[in-house]
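The following note sets out several points for a colleague who is examining this model. Please read the points alongside the sequence and the structure.

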Amino acid sequence: MKNDNKYSKVLLALNNYLVFFLLAAFLITCCTMLFVTVLTKTLGITLTEDNLAVAAKLTFANVVFLSAVFTLIDGIRRKLTVDRPVEQIRQAAQKITEGDFSVRVPHAKPIADLNYKFNDIADSFNKMAEELGSVETLRTDFIANVSHEMKTPLAVMQNYGTLLQAPDLSDEKRIEYAKGISEGSRRMADMMTNILKLNRLENQQIFPQAAEFDLGEQLCECLLQYENVWEQAGIELETDIAEDVRVKADEELLGLVWNNLFSNAFKFTEAGGTVSVSLTADEKYAIVMVKDTGCGMTPEVGAHIFEKFYQGDTSHSAQGNGLGLALVKRVVDIMQGDIGVESSVGAGTAFTVRIRRVKDDVA
């Protein structure tokens, strides 16, 4: 491989020398002939064959010398402005193929601003390496988080399965342990479902089917699914839903948003607390607010709340897997909407979703 590289460099040098030789020979010959012609006519001098032979030899020597000088200068220029940055990029690319995403290509020092294009390439390469490093970090974190989230319900199911093998187990305990196994399997199934949905959304494998529908009716239908939850938990529900607010969106995907927000609101609200759901509209947007009087969260937690597997309140981690709000954020983005959160510790949390509405027809 090295011998082939040296052979290629020798051929390149010879090729460059030949190019400069022909160029110099043409230019010098033309200039010399023009000079001699003008000189002989002006002074009336007649050149002999010996003089012409000497002039031809001197001209040829000058062509050979100047071609060598030009080739040397071009070789140095190419080495500094082309070969060196190309080699740096090649070495950096090799490190990336080996899994080192921390590599960066330094800026080359331009000679008379002739090297700025390589600096543009270096900037693009460094940005690519940075993005690949981020993707690798996300992949590693994702695997670690999935493994962690699966480990807990599996351990619970294993423990309950072991306890169920006791010969003198009462019916009451047997039902309790069986429910624990069912709850663990449900949690794993929910996590896998959310992972698949989120993956399909992020890879644009789900194509939203936009249709016009009444947003207020959808909110009411989603709330009714949690009627037993708020009644059993002793939570008060307050609603203020405007009528005839229509949107054009994928109804099924948007239902995921409300179900996740309602589920979180009831999960983090203690008995005697309140969950409020409101729907208002302005000229362009339908605005849905889901507010609870739960434990709330700090600004630091709020800044990461839409990240995968992030759980600010670990005391409720057994009830979720940190994927719900990441799914919500992705769906809202696909709908070209906006979601925001306001919260403070001990005062509850309010999520606000803005979806572009369908204006009423004016007669």
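1. Buried means under 20% relative accessible area, exposed over 50%, and partly exposed in between, computed with a 1.4 Å probe on protein chains only. D244 is exposed because its relative accessible area is 53%. D244 lies in the loop between β2 (236-241) and β3. D244 and F213 are 31 residues apart in sequence, and their C-alpha atoms are 9.4 Å apart in space.

2. This is a predicted model, in which local features need pLDDT of at least 70 and side-chain atom pairs count only at pLDDT 80 or more, while totals for chains, interfaces and linings use all residues. Residues are numbered from 1 along each chain as its sequence is written, and side-chain values use heavy atoms, with hydrogens and water left out.

3. The protein has nine helices and seven strands; helices (H or I, at least four residues) and strands (E, at least two) are DSSP runs, numbered from the N terminus. Of the 363 residues, 30% are buried. A contact means heavy atoms within 4.5 Å. Among contacts between residues at least 6 apart in sequence, 73% join residues at least 24 apart.

4. Strand β7 (residues 348-358) deserves attention for its pairings; two strands pair if DSSP finds at least two bridges between them. Strand β3 (residues 246-249) is joined to β7 by two bridges, β5 by eight, and strand β6 (residues 338-344) by seven. The β3 and β7 strands run antiparallel, as do β5 and β7, and β6 and β7. R246 stands opposite V358 in β7, and S344 has G348 as its bridge partner. The hairpin of β6 and β7 has three residues between the strands, and G346 takes a positive phi near 85 degrees there.

5. D292, in strand β5 (residues 285-292), has T349 as its bridge partner in β7. A polar atom of the D292 side chain lies 2.9 Å from the backbone nitrogen of G294.

6. Leaving aside neighbours within four places in sequence, D292 is in contact with several residues, including A265, T269 and T274. T274 is found in strand β4 (residues 274-281). T274 counts as buried because its relative accessibility is 16%. With the neighbours within four places again left aside, the contacts of T274 include I235, E236 and K291.

7. The structure holds six salt bridges, a salt bridge being a side-chain nitrogen of Lys or Arg within 4 Å of a carboxyl oxygen of Asp or Glu. One of them joins R90 to E87, with the closest N and O atoms 2.8 Å apart. R90 and E87 are separated by about one helical turn because they are three residues apart in helix α2 (residues 49-97).

8. Another salt bridge joins R246 to E212, the closest N and O atoms being 2.9 Å apart. This pair links distant parts of the chain, with R246 in strand β3 and E212 in strand β1 (residues 211-214), 34 residues apart. R246 counts as partly exposed at 30% relative accessibility, and E212 counts as partly exposed at 42%.

9. R354 forms a salt bridge with D282, with the closest N and O atoms 3.8 Å apart. This pair also links distant parts of the chain: R354 is in strand β7 and D282 is in the loop between β4 and β5, 72 residues apart.

Methods:
Polar contact = N/O pair within 3.5 Å; in protein donor to acceptor, adjacent residues only side chain to side chain.
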